[in-house]
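Look at the structure, then read on.

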Amino acid sequence: RFLSRFSLAGLLMTSLAASAGNPLFKDVLTADPAAMVHDGTVYLYTGHDEAKDNTTFYEMHKWLVFSSTDMVTWKEHGPKLHVKDFAWAKGDAWAAHVVEKGGKFYWYVTVRHATINGFSIGVAVADSPLGPFKDALGKALITNDMTTKTEIDWDDLDPAAFVDDDGQAYLFWGNTRPYYAKLKDNMIELDGPIIDIEGLPNFTEAIYVHKHGDWYYLTYASGFPEKISYAMSKSVTGPWQPKGILNELAGNSNTNHQSVIEFKGRSFFIYHNGSHIPDGGSFRRSVNIDELFYNPDGTIQRVIMTTE
Ligand code: FUB
């Protein structure tokens, strides 16, 4: 099926160009990629694993930024946001996502709240994709006590924002329970209720929404260890039709976390795995990029990891 739509030569050329050197960065550990295309440049925002080995747990204090104009050569901009930039947070710079609206850049982050049990979502804002970013609210945007339908204190993490064609923005997030809410035009306040998303089989975390043609796609980490699954809808608010697995287990990492972008006429799947040499794993992860291919009916072909 894969080869029938693309010549072997073309396939090899595109795969090699897209994946030169997976994992992307050899000198720094990166996780939870969130990519944004702005003014002909891809900005890649990632978490930063600092655990010494793969036996304990995540150690994450800051988020990093990289940029590229060709998806092959990447410029490292270093850390552009730290947990300590959110005075109300006490640790855990987990998954985050950046979007642009009205010439401003909004960086939604997962952090551990200092005084409210569990994870919270905060938002920082800047006038440029490289910052400087500042806490936009001085408090959390989402806290565990706003989503009391689950007893777990892990359900308010992994934010992903999506700005629809009509300018309406949405925030998606969740662990075990997926949620979304409309954002006000200022991007830093909710505009209406928090809604449970139904019909996503084996939902774990890492929710992400993008649009291609007239289809909306909701990708997410399913099961544990995690595989990336996806669902499609004609509306950003669903209902979502589950379409199965998009990306298999991420090598020797228990988690996977994805971002999907279109750049210069091609689509890319950006994700993490434990492929760092010599000591990658669940708590020492690395970002990879592979090309994404849509079928004529809008479904997506399973991503072939170049490290498989
Ligand atoms: O990086 C810490 C957590 O692991 C993220 O928030 C999840 O998406 C998973 O990748």
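Start with Asp-158: one of its polar side-chain atoms lies 2.6 Å from an oxygen atom of the ligand. Alone, the ligand exposes 280 Å², and the protein buries 99% of that (Shrake-Rupley areas with a 1.4 Å probe).

The model is predicted: local features need pLDDT of at least 70, side-chain atom pairs need 80 or more, and totals for chains, interfaces and linings use all residues. Numbering runs from 1 along each chain as its sequence is written, and side-chain values use heavy atoms, without hydrogens or water.

## The shell

Which residues surround the ligand? They are Asp-32, Tyr-58, Met-60, Trp-94, Ala-95, Asp-158, Glu-205, Thr-255, His-257, His-272 and Arg-285 (a residue is near if one of its heavy atoms lies within 4 Å). Four of the shell residues are nonpolar, three polar and four charged (Asp, Glu, Lys and Arg count as charged).

## His-210

His-210 belongs to strand E14, residues 203–212 (a strand is a DSSP run of at least two residues, numbered from the N terminus). Is His-210 buried or exposed? His-210 is buried, because its relative accessible area is 6% (buried means under 20%, exposed over 50%, with a 1.4 Å probe and protein chains only).

The side chain of His-210 makes a polar contact of 2.8 Å with that of Tyr-294 (a polar contact is a pair of N or O atoms within 3.5 Å; within protein, one must be able to donate a hydrogen and the other to accept it).

Note on methods
Helices (H or I, at least four residues) and strands (E, at least two) are DSSP runs, numbered from the N terminus.
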